[in-house]
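Visitor: Hi, I'm new to this. Can you walk me through this structure?
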Amino acid sequence: MKDLHALTEAVSSGDRQSATTLTGAALEAGVDPQVILDAMIVAMDEIGGKFQRNEVFVPEMLIAARAMGEAMKLLEPRLVEAGIEPKYTAVIGTVQGDLHDIGKNLVAMMWKGANFRVIDLGSNVPAQKFVEAAKEHQPDVIGLSALLTTTMPAMKATVAALRAAELDGVKIMIGGAPITDTFASEIGADGYAPDAGSAVEKVRAMVCS
């Protein structure tokens, strides 16, 4: 539908007003809420791809995610009424000792845009809090962020605590400025994402395969 293409464009460009207006119009026209959601997911996939190709940067990613967030305020009640819920769940947070959260917030928004239920624990999160959240929410994936080299040991300790908890089937993804794929392998994480765009691809590969 032309209107849904316009919705995809509105979300991708970060036009919150148009995104909400078009979402409301589609709902009033009786469009299936899942179809509307799919149009938004396409938009977030597009913006994530552009970010990976250095065609857009963090500010553009943020405004696109916020546009989808505003539109989702209208759509979510209809999704609930229709019994449509995210198939996968993620827990995310910045590890203990690290107060940086921009990258973590961006990944959380991108995962929401990929139709994951996201439990965001915030920043400076102790290992035990990750373990408790994992036991409570039974996520498919846990995302750990560290922006400082000094908090990389806390990330290692958090992965160790999660492994010791013997959480069945839970994948662990890590990321942040000082983090590498090699470090991920060294500490026993299941994967590493260098940016928010690739974090969506990686999490889908982890839990949707």
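Guide: Helices (H or I, at least four residues) and strands (E, at least two) are DSSP runs, numbered from the N terminus. This is a predicted model, where local features need pLDDT of at least 70, side-chain atom pairs count only at pLDDT 80 or more, and totals for chains, interfaces and linings use all residues. Residues are numbered from 1 along each chain as its sequence is written, and side-chain values use heavy atoms, with hydrogens and water left out.

Visitor: How many helices and strands does the protein chain have?
Guide: There are nine helices and five strands in the protein chain. Along the sequence, they follow the pattern α-α-α-α-β-α-β-α-β-α-β-α-β-α.

Visitor: What is the radius of gyration of the protein chain?
Guide: It is 17 Å, close to the 17 Å that the globule rule gives for 209 residues, so the chain is as compact as a globular protein of that length. The radius is taken over C-alpha atoms, and the rule is 2.2 Å times the number of residues to the power 0.38. Along the principal axes, the C-alpha atoms fill a box of roughly 50 × 35 × 30 Å.

Visitor: Ok, the sheet. What order do its strands have?
Guide: The order is β2-β1-β3-β4-β5, in an open sheet of five strands with parallel pairing. Two strands pair if DSSP finds at least two bridges between them.

Visitor: Which strands are at the edges?
Guide: β2 (116–120) and β5 (191–192) are the edge strands, and each pairs on one side only. β5 pairs with β4 (residues 171–175) in the parallel sense, over two bridges. There, Met173 stands opposite Gly191 in β5.

Visitor: And what does β1 pair with?
Guide: β1 pairs with β2 over five bridges, in the parallel sense. It also pairs with β3 over five bridges, again parallel. Look at Ile92. Its bridge partner in β2 is Asp120, and in β3 the partner is Gly143.

Visitor: What holds strands together in general?
Guide: Strands of a sheet pair through backbone hydrogen bonds, either parallel or antiparallel.

Visitor: How many residues of β1 are buried?
Guide: Seven of its seven residues are buried. Buried means under 20% relative accessible area, exposed over 50%, partly exposed in between (1.4 Å probe, protein chains only). Tyr88, Ala90, Ile92 and Thr94 are on one side of β1, and Thr89, Val91 and Gly93 are on the other. For the 209 residues of the protein chain, 48% count as buried.

Visitor: New topic. Where does helix α5 lie?
Guide: Helix α5 (residues 102–113) lies across β1 (88–94), β2, β3 (141–145) and β4, at about 155° to β2. Axes are lines fitted to C-alpha atoms, for helices over the stretch in contact, and angles run from 0 to 180 degrees between N-to-C directions. Together, β1, α5 and β2 make a right-handed β-α-β unit. Right-handed means that, with the strands pointing away from the viewer, the path from the first strand over the helix to the second runs clockwise.

Visitor: Which residues of α5 are buried?
Guide: Lys104, Leu106, Val107, Ala108, Met110, Trp111 and Gly113 are buried. Just after α5, Asn115 takes a positive phi of about 70°.

Visitor: Last one. Is Ser198 buried or exposed?
Guide: Ser198 is buried, with a relative accessible area of 6%. It sits in helix α9 (residues 196–207).

Visitor: What does Ser198 touch?
Guide: Ser198 touches Gln52 and Ala193, not counting residues up to four places away in sequence. Contact means heavy atoms within 4.5 Å.
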